[in-house]
Amino acid sequence: EVQDAFETLLIGADIEYARERTAFEYSSRSYRPDFTVESIDLAIELKLCKTPEEEREIIRQINDDILAYQTKFANLIFVVYDLAAIRDVDRFSNALE
């Protein structure tokens, strides 16, 4: 549902994109961003945080994705949909900037 809503935003903004089509290998693992915008060499990854327990896992996932995605894309955007589960939003976002 989150990806569908984001895709609607991309369509509304008339942005040419690919959804989960670009896969690549990094180390011994395969990666596939949720969305890519080839014209600006951009990978977009969406995360949904429903519970406070998921916060740490999302941080781990984003850090892992950053390392891999930077080998393929010049620009990265991570969108975290927070259902009021992240305790300190400023601390969460500042650590990743």
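Predicted model: local features only at pLDDT ≥ 70, side-chain atom pairs only at ≥ 80, totals over all residues.

Visitor: How many aromatic pairs does a search of the whole structure find?

Guide: The search turns up nine aromatic pairs. Take Phe24 and Phe73: their ring centres are 6.1 Å apart and the planes sit at 75 degrees, so that pair is edge-to-face.

Visitor: Where do Phe24 and Phe73 lie?

Guide: Phe24 is in strand S2 (residues 24-26), while Phe73 is in the loop between helix H2 (54-69) and strand S6 (75-82), so the pair ties together parts 49 residues apart in sequence. Both Phe24 and Phe73 are buried.

Visitor: Back to the tyrosines. What kind of pair do the rings of Tyr26 and Tyr31 make?

Guide: Edge-to-face, because the planes are at 65 degrees, with the centres 6.2 Å apart.

Visitor: Which residues do ring pairs link into a cluster?

Guide: Phe24, Tyr26, Tyr31, Tyr69, Phe73 and Phe78.

Visitor: Switching to charge now. Which residues gather in a patch of negative charge on the surface?

Guide: That patch brings together Asp14, Glu16, Glu38 and Asp41.

Visitor: Where does Glu38 lie?

Guide: Glu38 is in the loop between strand S4 (35-37) and strand S5 (42-49). With a relative accessible area of 77%, Glu38 is exposed.

Technical notes
Residues numbered from 1 in each chain as written. Heavy atoms only, no water. Patch = residues over 30% accessible without salt bridge, like charges linked within 9 Å, V, L, I, M, F, W, Y side chains within 5 Å. Areas by Shrake-Rupley, 256 points an atom, 1.4 Å probe, with all protein chains shown as cover. Salt bridge = Lys/Arg side-chain N within 4 Å of Asp/Glu carboxyl O. Lys, Arg positive; Asp, Glu negative; His and termini not counted. Charge placed at Lys NZ, Arg CZ, Asp CG, Glu CD. Helix = DSSP H or I, 4+ residues; strand = E, 2+ residues; numbered from the N terminus. Buried < 20%, exposed > 50% of the residue type's maximum accessible area, 1.4 Å probe, protein only. Phe/Tyr/Trp six-rings, centres within 6.5 Å; stacked < 30°, edge-to-face > 60°.
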